[in-house]
Amino acid sequence: MNIQSTINKDVFIPRNERMVVAVEVQRRKKKRMSFFSPGSKGDYATFICVSVTNTRPHQLLISKVKRFSGSLAFTRTSQWTVEQLRQVNGINPNKDSPEFDLVFVNAVDQWVGSSAAEKCIFVQILYRACQTYWEGKAGSLVKASRRGSHQDGAAGPNESPTGPSSGTVKARRKSFVAPRPPEFINCPSKLTADSSSMNLFIYRCKAFFNHMKKKMAANQRTSQNRVHQIKVALGERGDKLTVAEDKTLGLVHTAQQLADIAHKMALKYAK
């Protein structure tokens, strides 16, 4: 089970949600610690996740999930609805880069993804999810407005359709404002306007190869550390054997001297 499946199982499924995408991130700028902070919990890994509720009407949510060092559990520390998301900034529209910003109503987060490919996967899926969500929401609001106008505009047999209800319908139509999706800026068009399943497949392949490359590098470092530890252990054992060998030679020499002395004394007393 990969890490995204684990996050979905541990954090979102128990809350009747389904995770759509997640990306591991680090802050581009460290936040200044408060003087009254109760203390840090140590190092941790941070993931920005997009999820959808299973209950209708569906809600699109953006969550911040952390896993602290020394723990296998994932903890959701922050959550926003897509209505609170104002802007997604891809930083550089001309090339794939791991940096991106998320601007909410009450927060601005500046992130660096673990790789450019994983950030691009996150942005492309988030863009598609936002488009689908806002189109569905706009359609439902239009239907509700039409249903209300039919109810208010229906005239009875002795009523004129140009009565006070007509003004109410016009006021409702004027007050209707289409939902505004978040703005995606500085993002390559292949992630938004020209996004396709092929682009997503290519980024998934790149992310997989990057992950395998990092894993192989980590395994190589582990092997090198292990070899170094073995060399150090063998060196220490060799030093101990050398010391033991020197002591043994010293004891043999001493024993030979004692044997010679005992032999001379035996010859002396024999005469």
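A pocket is an open set of grid points where a 1.4 Å probe fits, with protein on both sides within 12 Å along at least five of seven lines. The legends below describe close-up views of a predicted model.

**Figure 1. The largest pocket and its lining.**
In this predicted model, the largest pocket has a volume of about 830 Å³. Its lining is formed by 25 residues, and those lying nearest the centre of the pocket are N2, I3, Q4, E118 and H211. Several elements contribute at least two lining residues each, namely helix α1 (3–12), strands β1 (17–27) and β2 (44–53), and helices α2 (116–153) and α4 (197–270). By residue type, the lining of the largest pocket divides into 13 nonpolar, seven polar and five charged residues.

**Figure 2. Overall arrangement of the protein chain.**
The protein chain has four helices and eight strands. Followed along the sequence, these elements give the pattern α-β-β-β-β-β-β-β-α-α-β-α. Of the 271 residues in the protein chain, 27% are buried. Among the contacts with a separation of 6 or more, 58% are accounted for by residues 24 or more positions apart. The protein chain exposes about 18600 Å², and carbon and sulfur atoms supply 56% of this area.

**Figure 3. The nonpolar cores.**
The largest nonpolar core has 34 residues, and the members with the most contacts inside it are I48, L60, I62, L102, F122, L126 and F184. Strands β1, β2, β3 (60–68), β5 (85–89) and β6 (99–104), together with helices α2 and α4, each supply at least two residues of this core. The largest share, twelve residues, comes from α2. A second, separate core has ten residues, including V11, M19, A22 and F47.

**Figure 4. The surroundings of L60.**
L60 is one of the residues with the most contacts inside the largest nonpolar core. Leaving aside residues up to four places away in sequence, L60 touches V50, S51 and V52, then W80, T81 and V82, and also A129, C130 and Y133.

**Figure 5. T46, a residue of strand β2.**
T46 is found in strand β2. Because its relative accessibility is 6%, T46 counts as buried. Residues up to four places away in sequence being left out, the contacts of T46 are V23, E24 and V25, K64, V65 and K66, and W111.

**Figure 6. A116 and its neighbours.**
A116 is found in helix α2. Not counting residues up to four places away in sequence, A116 touches D96, S97 and P98. A116 and A207 are 91 residues apart in sequence, yet their C-alpha atoms are 8.2 Å apart in space.

**Figure 7. D10 and A73.**
D10 is found in helix α1. Its relative accessibility is 38%, and D10 therefore counts as partly exposed. Along the chain, D10 and A73 are 63 residues apart, while their C-alpha atoms are separated by 7.7 Å.

Most residues other than glycine have a negative phi, and most peptide bonds are trans. The peptide bond from R56 to P57 is cis, with omega near -5°. P57 lies in the loop between β2 and β3.

I91 is not a glycine, although its phi is positive, at about 70°. This residue, I91, lies in the loop between β5 and β6. With a relative accessible area of 33%, I91 is partly exposed. N186 also is not a glycine, and its phi is positive at about 55°. N186 is found in the loop between β8 (183–185) and α4. The relative accessible area of N186 is 33%, so N186 is partly exposed.

Notes
Residues numbered from 1 in each chain as written. Predicted model: local features only at pLDDT ≥ 70, side-chain atom pairs only at ≥ 80, totals over all residues. Heavy atoms only, no water. 1 Å grid on protein atoms, 1.4 Å probe; cavity = no way out; pocket = protein on both sides within 12 Å on 5 of 7 lines; lining within 4 Å. Points joined across faces, edges and corners; volume = space filled by probe spheres on them. Nonpolar A, V, L, I, M, F, W, Y, C, P; charged D, E, K, R; others polar. Core = buried A, V, L, I, M, F, W, Y, C linked by side-chain atoms within 4.5 Å. Buried < 20%, exposed > 50% of the residue type's maximum accessible area, 1.4 Å probe, protein only. Contact = heavy atoms within 4.5 Å. Areas by Shrake-Rupley, 256 points an atom, 1.4 Å probe, with all protein chains shown as cover.
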